[in-house]
Amino acid sequence: MYYGDKTKEKLQNMAFGYDSRERGTILPKTKINSESINAQAAKALIKNELLDEGTSRLNLATFCQTYMEPEALELMSETMDKNAIDKSEYPQTAELEMRCVNILADLWHSPKDMNFIGTSTVGSSEACMLAGMAMKFRWRNKRKAQGIEDNSKPNLVMSEAYQICWEKFCVYWDVELRTVPVDKQHLCLNVDKVMDYVDDNTIGIVGILGTTYTGDYEDIAALDDIIEKYNRNHPNQELVIHVDAASGGIYTPFVDPYYVWDFKLKNVVSISASGHKYGLTFPGVGWIVWKDRKYLPEELIFEVEYLGSSVPTMAINFSRSASQIVAQYYNFLRFGKEGYSLIHSRTQEVALMIGDAIRSTGFFKMYNSAKGLPIICYKLKDDAVYEDGTPVVWNLHDLSARLLMYGWQIPTYALPGALSDEVVHRIVCRADLTYNLGENFVRDLKKCISELKTARILCDEELLAGHKK
Ligand SMILES: *Cc1c(COP(=O)(O)O)cnc(C)c1O
């Protein structure tokens, strides 16, 4: 704040200068401090605390948005005080949330002759929780209606490449998680095998639009075909698909509009997505839409009496800031189809460029090079050698550590299930990784590879020398 009074400003600066009392504050770690300090000093001290966390934009491990326009930031800080659940107090904020649901239902081709219903959530995890509950309650209600009241445990079927939120769902809601194994030919859902895991107690099948491990799209259209046949032969059981489109939901429709995966498919009844992934909003927002109200059992819809009015809610969380919802609406308004298509296509181009550059080094076996999500996933070849015949003695963990010296965060991890011996790097390209930044990354990666050639050998010689002594 500018007071127009230079002396006052000076005094304020002094208050959190290096010579101030506050600068010497020992930060509270196990209990709250007894004295207060001034706001600027508190901010400076906390900024210092967070200094060594790296630059989020160089963190190529995350799917989550790390950049928003200054206008969006302003809007977010101005709406931080609004409580999203307080729909009667902030009816216009509630309206913006509904508009986002409408936009997504339309983007995902919800049928005109059905009544879709949806909500914002904190992220895909909460949205998947809701999707799973709806499937479980529908399965139970159906069985009750058929007079089946045994204690069979319900199960949910998906590929082994599922995201951790599904494991949580199954533990929290007492559902058996049935996974279809992945193998070298099937890095995601093996559609030929999926029905081996289905029985009368299957509450549904999850299809993933862009697996977290490699970014592959599961073949949801093929899955729908198989389920349609199954449902025709099992009139008492209606198998349904939930699409976990955490990453693809607000990416694929813009980059690959002809790819069929959404409500166009008869048995896809609900879709969830993370607004904070390719929805381009800062973390804290997800979405779920059911194509018709009948797929969301009434028991899961609560009417909240709030300040004299009644509003339906189906989310698990109650109070939270509305600023992410406002920011999501800002993005939809600001970018439109045109903007989202342009931004995501650029991201795809960057990913393709990085993928090509990595492949052409000759050291790596590629698992994905921006086919599906703009993700590059690769492992080190077993017989990798430098051009002069020097064998590669480093591994991907060494390469990650080396890249971190240049600020780049690239995760090294094992693939799921039977592929757990396969250690890979996964690079997630996001909108703020521009083409130029991408080129810098490739340059740094090549530098690291060349540095590791000697760095490791020197290290080994030292070790050897040490042993000889
Ligand atoms: C990221 C992700 C999730 C969890 O999403 P959050 O928004 O972080 O809760 C679920 N499923 C898939 C496939 C994901 O990639």
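Two strands pair if DSSP finds at least two bridges between them, and strands (E, at least two residues) and helices (H or I, at least four) are DSSP runs numbered from the N terminus. The model is predicted, so that local features need pLDDT of at least 70 and side-chain atom pairs count only at pLDDT 80 or more, while totals for chains, interfaces and linings use all residues. Residues are numbered from 1 along each chain as its sequence is written, and side-chain values use heavy atoms, without hydrogens and water.

**Exercise 1.** Work out in which sense β6 and β7 pair, and where these strands stand in the sheet.

*Solution.* Begin with the pair itself: β6 (residues 268-274) and β7 (residues 286-290) are antiparallel over 5 bridges, and Ser 272 stands opposite Ile 288 in β7. Then place them in the open sheet of 7 strands, whose order is β1-β7-β6-β5-β4-β2-β3, with mixed pairing. Finally, turn to the edges: β1 (117-121) and β3 (176-180) each have a single partner strand, so one side of each is left without a neighbour in the sheet.

**Exercise 2.** Find which residues line the second largest cavity, and which element gives the most to this lining.

*Solution.* A cavity is a set of points on a 1 Å grid over the protein atoms alone where a 1.4 Å probe fits but cannot get out, and lining residues have an atom within 4 Å of a point. The lining consists of Ala 131, Ala 134, Met 135, Arg 138, Val 240, Val 269, Ser 270, Trp 290 and Tyr 295. Among the elements, α5 gives the most, with 4 residues.

Methods: 1 Å grid on protein atoms, 1.4 Å probe; cavity = no way out; pocket = protein on both sides within 12 Å on 5 of 7 lines; lining within 4 Å.
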